[in-house]
Amino acid sequence: MNVVMSDVARKWLLYVKTEKMHYLDLMKCLFVPYLVLSYFVQAEICDPHTALFELITGHVLTSSSATIDSQPETLILDDCLAACRRNASCAAVNYETGLCVLFSLNADQKPKALSPSQFPVFTLYGQKICPPDNGPSWSYGESEWAWERVLDSELKGYVKKQLHTKSRTDCAMFCLQEEEFTCRSANYDYENSLCSLNDMDRFSLSHVGVLRMRKGVDYLENHYVSDPARLCEYQKVDGRIMKTVDAVYRNITSLDGCRRLCSASPFRCRSFDFGATDEDVCRLSHHASASLTHIHEPYLEMADTATYELSACYNVTVECRSADMIARILTNRLFNGKIYAKSRPRSCVTDVSNELEFELRMAYGDVNCNVQHDSYGAFSNDIVLQHHDLIVTNQDLGLSVHCQYDLQNKSVSNGVNLNIQGYVTIVAFNIEKLTTQLLLGKICHKSEKSTQRSAENEMKNMASEAGTVPSPNVSMKIISRVGHDLGSAQVGDSLALRFEIVDENSPYEIFVRELVASDGLPGSSEILLIDSLGCPTDATIMGPLAKVNNNGQMLDATFDAFKFPSSEVVQFKALVTPCLSVCDPVQCNVLDGEGAGRKEESFGRKRRSVLTSTANEQLIISPSLHVHDRFTYKNSNLRKHILKTLQEKINMSFKDLFMWSLIIDFFLNMFNEWENFKKHLHTTHEKLVKSGLIF
């Protein structure tokens, strides 16, 4: 580019000298090529093979004179950016789902042309970037755009390195090429030319709203970070879909097919929806709730729709050593909780606090970890990744880790090569049948008699008339969200705790507070679910207390089924306070799973604020829930028997034995899927018969 500009300037000066132009004419002639050359410098015409793109969400470039082309029915963001990359005159694009517009200038050349996009949709603005000649080198990635920029924002508290750079582009390029650590984002301070490289971004942190507004500083998020993508969990968000997405695919036949598209997409797909706009349409986006806090109304509220947001992904590897095995976990989101051997949750455990990488070391022959010796040279164990410190929820992951050693006799000259194989089996984690026994609590304290006396109290022997209103009998039971009594459930099932006054003519309403769940063992583990105010301590585990059908004698607290890892019993204990007439709710500050706060009412109150409450009016409800919990390691004994037979009877080689173990796993999984399918058909048939559709 510099060579071309020098050649143009040299020829122009030669022309001016030859024509012997007047001074004013000379100035005019020099001014025109100056503008032309300046335009070429600002346009940054670069090799289409090395061009990158910077993305800004929620902003639109407005310049009718600089519009090159408009491409309707463009349904993939990368296709829009690729069209600009191939066009030497293109400097930037606007993209909305179904429309791509190319421009010959960008926001750096004309800053006032860039403005927030307007309701009802939000626009994605992409700016072509030419890597600087003196900057770090870069090899072209799978996705067209390399980083996303959030204006006047920064991420505080996660800086790993700082350096001075000439431009925002240099700062982003240094982040892309950082080798000492994984640079997930950067902050660029224009006034001080200061580039701060971070090891975290908006998605690796566990709460929303992590960016702080700061004028003159831009947040740059690396899109080429390699995240774990094998074991991914998605959280369903009902009733809304994103207004603008990165890609739209048609003729997708199932939700699982859409999920697989998201997992295998060339960009970092973080959410998808299926069948919301049409029955066979799958829409993918690199955005989720954590990255849309600065956008006004980014979602379209629609009944009977859902967005599935990526919660976390895990890569699990197993290192098989001479005396132990090590399970190593790499995740894309800070993990808080523990990893432990399922059969030894207290003695073989690693506590994890805000880590992206962690491990569990399990020694062979150590009773504390109980590693199973399956056959000659084969070891395995079942492990659990538990998010909450105390209880098991449907977010937790169960894995079976295996090590196989080739211990056959060999003829060697200089040494022995010990062939070791380690692999991981994904296990569906559930609570099998929850046999629910509600040992309904007894009333521990009764109201004492209240006595009315004459105002004058003149006659000492006058008989007193006592009126007694007994404290209410309160029951607690576990029900489904639609009100049906339950005798069994699985981890993650949507349930509710129902507190109800069973006396038909009772004048009381009730508050519930200090609800505690424990494992029922000596020195038991406990978790406080509802605090002394009647507010939930963690809304992701249990929601606030609410009236049922506006009836203050019946309260529900919704939750998803959980258990403790160390016991088959979950015991609940709650304090119920009756109040006369109407109980007023308390205002609670409730945090959701992303850390966003909201105000909600709950029917709980401090003791001193309850009208005429005394110690005698406190009722203690103490039911227990019996839970039988295990992983679904179906046909594991059959697998071990087959492998043992192949090894002992047929004298199969280690290599063939390992291959056969994978084949057996495949067919056993196919068998399990078939069994589940038959159960589903049987259940569906019964429902159709009961409904009268099949005679």
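**Contacts, helices and disulfides**

Author: In the protein chain, residues 24 or more positions apart account for 69% of the contacts with a separation of 6 or more. Please keep in mind throughout that this is a predicted model.

Reader: How many helices and strands does the protein chain have?

Author: The protein chain has seven helices and 38 strands.

Reader: Let's look at helices, then: is H3 mostly covered or mostly open?

Author: Helix H3, which spans residues 77–86, is mostly covered, with eight of its 10 residues buried. Those buried residues are Leu 77, Asp 78, Cys 80, Leu 81, Ala 82, Ala 83, Cys 84 and Arg 85.

Reader: What covers the buried residues of H3?

Author: The cover includes strands E1, E3 (67–72), E4 (92–96), E5 (99–103) and E7.

Reader: You listed Cys 80 there, so which residue does a disulfide join to Cys 80?

Author: A disulfide joins Cys 80 to Cys 100, with an S to S distance of 2.0 Å. The pair links distant parts of the chain, since Cys 80 is in helix H3 and Cys 100 is in strand E5, 20 residues apart. With 75° about the S-S bond, the link is right-handed, and both Cys 80 and Cys 100 are buried.

Reader: How many disulfides does a search of the whole structure find?

Author: The search finds 10 disulfides. Another one of them joins Cys 258 to Cys 282, with an S to S distance of 2.0 Å. Cys 258 lies in helix H5 (residues 255–263) and Cys 282 in strand E18 (residues 282–285), so this pair ties together parts that are 24 residues apart in sequence.

Reader: Why is the disulfide of Cys 258 and Cys 282 given the handedness it has?

Author: The torsion about the S-S bond of Cys 258 and Cys 282 is about 75°, and therefore the disulfide is right-handed.

Reader: Why does Cys 258 count as buried, and what about Cys 282?

Author: Cys 258 counts as buried because its relative accessibility is 0%, and Cys 282 counts as buried because its relative accessibility is also 0%.

Reader: What about the disulfide of Cys 320 and Cys 403, is that one left-handed or right-handed?

Author: The disulfide of Cys 320 and Cys 403 is left-handed, because the torsion about its S-S bond is about -90°. The pair links distant parts of the chain, with Cys 320 in strand E19 (residues 299–320) and Cys 403 in strand E24 (residues 397–405), 83 residues apart. Their S to S distance is 2.0 Å.

Reader: Are Cys 320 and Cys 403 buried or exposed?

Author: Cys 320 has 12% relative accessibility, and it counts as buried because the cut-off is under 20%. Cys 403, at 0% relative accessibility, counts as buried too.

Reader: Back to helices for a moment: how many residues of H4 are buried?

Author: Helix H4, which covers residues 168–176, has eight of its nine residues buried, and it is mostly covered. The buried residues are Arg 168, Thr 169, Asp 170, Cys 171, Ala 172, Met 173, Cys 175 and Leu 176.

Reader: And which strands cover the buried residues of H4?

Author: The cover for the buried residues of H4 includes strands E1 (52–57), E7 (124–129), E8 (147–150), E11 (185–189), E12 (194–198) and E14 (217–222).

Technical notes:
Residues are numbered from 1 along each chain as its sequence is written. This is a predicted model: local features need pLDDT of at least 70, side-chain atom pairs count only at pLDDT 80 or more; totals for chains, interfaces and linings use all residues. Side-chain values use heavy atoms; hydrogens and water are left out. Buried means under 20% relative accessible area, exposed over 50%, partly exposed in between (1.4 Å probe, protein chains only). Helices (H or I, at least four residues) and strands (E, at least two) are DSSP runs, numbered from the N terminus. Contact means heavy atoms within 4.5 Å. A disulfide is a pair of cysteine sulfur atoms within 2.5 Å.
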